[in-house]
Amino acid sequence: MELQFEGDELKSVLNRLRRAQGQISGVVKMIEEGRDCEDVVTQLAAASRALDRAGFAIIATGLQQCLTDPERSRGDGETTEQMKARMEKLFLSLA
């Protein structure tokens, strides 16, 4: 299934991913500078949350598209139940 993001959805996901990218760069720099462990872990947790939110937004968009156009969302020969199982697996991979 190919996701199709519209303007605001795409912008939101990209902003979250860029935020996480910046936070991860900050974590690398903090480690290289020998910064305090608590500060590093706090920054790493923020990056993790940003990635999780981006992932959930991507999955939510996929689920919405599956619900509105299930025929397009299924792979070749895939049943509705198989598609639902695939979406559930993706969702749980972030949990």
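Tutor: Patches are made of residues with over 30% relative accessible area and no salt bridge, where like charges are joined within 9 Å and nonpolar side chains (Val, Leu, Ile, Met, Phe, Trp, Tyr) within 5 Å. A salt bridge is a side-chain nitrogen of Lys or Arg within 4 Å of a carboxyl oxygen of Asp or Glu, and accessible areas come from the Shrake-Rupley method with a 1.4 Å probe, for which only the protein chains shown count as cover for residues. The model is predicted: local features need pLDDT of at least 70, side-chain atom pairs count only at pLDDT 80 or more, and totals for chains, interfaces and linings use all residues. Residues are numbered from 1 along each chain as its sequence is written, and side-chain values use heavy atoms, with hydrogens and water left out.

L10, L14, L17, I24, V28 and L51 make a nonpolar surface patch of about 440 Å². Helix α1 gives the most to this patch, with five residues; helices are DSSP runs (H or I, at least four residues), numbered from the N terminus.

V28 has its place in α1 and is partly exposed, because its relative accessible area is 43% (buried means under 20%, exposed over 50%, partly exposed in between, with a 1.4 Å probe and protein chains only). Q23 also belongs to α1, but Q23 is buried, at 14%. Beyond its neighbours within four places in sequence, Q23 is in contact (heavy atoms within 4.5 Å) with Q43, A46, A47 and A50.

The loop between α1 (7-32) and α2 (37-68) holds R35. R35 counts as partly exposed because its relative accessibility is 42%. With neighbours within four places in sequence left aside, R35 is in contact with M30 and V40.

Conventions. Helices (H or I, at least four residues) and strands (E, at least two) are DSSP runs, numbered from the N terminus.
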